Amino acid sequence: AATLAGAISYRNFGRRDPDSILRLESMLERIRALAPRSSEYLIAQAYYTYYVVKDNDRALSLIQQARSLRPSDVQVLELQSWIQRRLGDFDGTIEAIRQARTLDPRNPYWTLGLVSNLMLAHRYDEAIAELEKSPVESFKLSVLHSMLRVRDHRDPGRMLKDLSALQSEYGAQADPLDLWEAH
């Protein structure tokens, strides 16, 4: 139920669909009636509050309550990290992602999120250290590593060559924004 509520809420983040919001609110009411103190209700309500109502402080409070019931749930930690980032709490965001990665260490998604947020917080040395000790490898992580290496070699022109080599190595297509930045 919480995942469905999250998906419907997300669809209404940028552009509201009154019919789906009514469906979502009805779903939330049913969950509340069946299990008002459940983690499912708190998570569903947090998604709704974050994406639809856009009350980030309230959404954080809801997800922290859910987290007390499900401390090892990476979905809860992920939503918590998004809300904290929206609130400008980069340290909290980074800590939530680190905890999620501890619970799911082979998933490159968490390392990617951690390194990206460390970069946003201008904690470049930590970002490089995380990449170098990461037990997983992926095209996107390699692209971030290439971007961070510019600090060492001071040759931004190398980024396009590095990106081309990574595309060949991984058989992947670079994101247009990454290509634009490399150019």
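Select Phe13. In this predicted model, Phe13 is partly exposed, with a relative accessible area of 26%. Tyr51 is buried, at 7% relative accessibility.

How do the rings of Phe13 and Tyr51 meet? Their centres are 5.2 Å apart and their planes stand at 80 degrees; edge-to-face requires over 60, so this pair is edge-to-face. The two residues are 38 apart in the chain. Phe13 sits in the loop between α1 (2–11) and α2 (18–34), while Tyr51 belongs to helix α3 (residues 39–53).

The largest nonpolar core has 26 residues. Pick Leu24, Ile43, Ile63, Leu79 and Ile83: these have the most contacts inside this core. Colour by helix: α1, α2, α3, α4 and α5 (74–86) each supply at least two of the core residues. The largest share, 10 residues, comes from α3.

Centre on Leu79. Beyond its neighbours within four places in sequence, Leu79 is in contact with Ile43, Ala46, Tyr47, Tyr50 and Ile63.

Move to Asn56, in helix α4 (residues 56–69). Is Asn56 buried or exposed? Its relative accessibility is 17%, and the limit for buried is under 20%, so Asn56 counts as buried. Setting aside neighbours within four places in sequence, Asn56 is in contact with Tyr50, Ile83, Arg86 and Leu87.

Last stop: a second, separate core of 17 residues. Select Ile94, Ala100, Trp110 and Leu114, which are among its members.

Notes:
Residues are numbered from 1 along each chain as its sequence is written. This is a predicted model: local features need pLDDT of at least 70, side-chain atom pairs count only at pLDDT 80 or more; totals for chains, interfaces and linings use all residues. Side-chain values use heavy atoms; hydrogens and water are left out. Helices (H or I, at least four residues) and strands (E, at least two) are DSSP runs, numbered from the N terminus. Buried means under 20% relative accessible area, exposed over 50%, partly exposed in between (1.4 Å probe, protein chains only). Contact means heavy atoms within 4.5 Å. Rings of Phe, Tyr and Trp (its six-membered ring) pair if their centres lie within 6.5 Å; planes under 30 degrees apart count as stacked, over 60 as edge-to-face and the rest as tilted. A nonpolar core is a set of buried Ala, Val, Leu, Ile, Met, Phe, Trp, Tyr and Cys residues joined through side-chain atoms within 4.5 Å.
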